[in-house]
Amino acid sequence: MKKKKAEHGKTNNMNCIFCKIIEGSIPSKKIFENDELIAFHDIHPIDKVHFLITPKKHIENLISCNEADKEILSNMLLLAPKLAKEQGLQGFRTMINSGVEGGQEVFHIHFHVYGGSTKLAKI
Ligand code: AMP
Ligand code: ZN
């Protein structure tokens, strides 16, 4: 029987740098891991604390998400304040870049969480 094509690349993609981090073939400064999600420090931090929360499943970005991704997305969001607190942040900013025009460079969905230097400017 012909194999069903994975929905929007939900299997891991070994050309993807974050899939390699998840698999362990590229090192990272990991701060959290469970069956579904992983979080690690951004290699080029834009603030005193800057980490990324990403699913183990290869999903490209918010544009490619659908109803089936509801739970994973809410779990990613709910993890942000827990990890931010562990990292000593009283407050933080989250950012999700989506698509080339949205400034996305790594096409494996991730939430940026950062803060800690000064009160962030209004955007
Ligand atoms: P984005 O522009 O939202 O796709 O952000 C990608 C982020 O991934 C950037 O902030 C990079 O600094 C970060 N990044 C790229 N490679 C690595 C890596 N090997 N370990 C940790 N962070 C990385
Ligand atoms: Zn990936």
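Mentor: In this predicted model, the residues that surround ligand 1 are I17, I26, S28, F40, D42, I43, H44, N97, G103, Q104, E105 and V106. Sorted by class, this shell holds five nonpolar, five polar and two charged residues.

Strand β2, residues 37–41, pairs with strand β3, residues 49–55, in the antiparallel sense, over five bridges.

These two strands belong to an open sheet of five strands with antiparallel pairing, ordered β1-β2-β3-β5-β4. At its edges are β1 (30–33) and β4 (93–95), each of which pairs on one side only. Neighbouring strands are turned against each other by 20° on average, direction ignored. Helix α2, residues 70–86, packs on this sheet and touches β1, β2, β3, β4 and β5 (111–115). The direction of α2 makes about 155° with that of β3.

As for the protein as a whole, its elements run α-β-β-β-α-β-β from the N terminus on. The radius of gyration is 15 Å, close to the 14 Å that the globule rule gives for 123 residues, so the protein is as compact as a globular protein of that length. Along the principal axes, its C-alpha atoms fill a box of roughly 55 × 30 × 25 Å. Of the 123 residues, 22% count as buried. Among contacts with a separation of 6 or more, 59% are between residues 24 or more positions apart.

Conventions:
Residues numbered from 1 in each chain as written. Chains lettered and ligands numbered in written order. Predicted model: local features only at pLDDT ≥ 70, side-chain atom pairs only at ≥ 80, totals over all residues. Near = placed C-beta within 6 Å. Nonpolar A, V, L, I, M, F, W, Y, C, P; charged D, E, K, R; others polar. Helix = DSSP H or I, 4+ residues; strand = E, 2+ residues; numbered from the N terminus. Rg over C-alpha atoms; globule rule 2.2 N^0.38 Å. Buried ≥ 20, exposed ≤ 12 C-beta atoms within 10 Å, placed from the backbone. Contact = placed C-beta atoms within 7 Å. Pairing = 2+ DSSP bridges. Axes fitted to C-alpha atoms, helices over the stretch in contact; angles between N-to-C directions.
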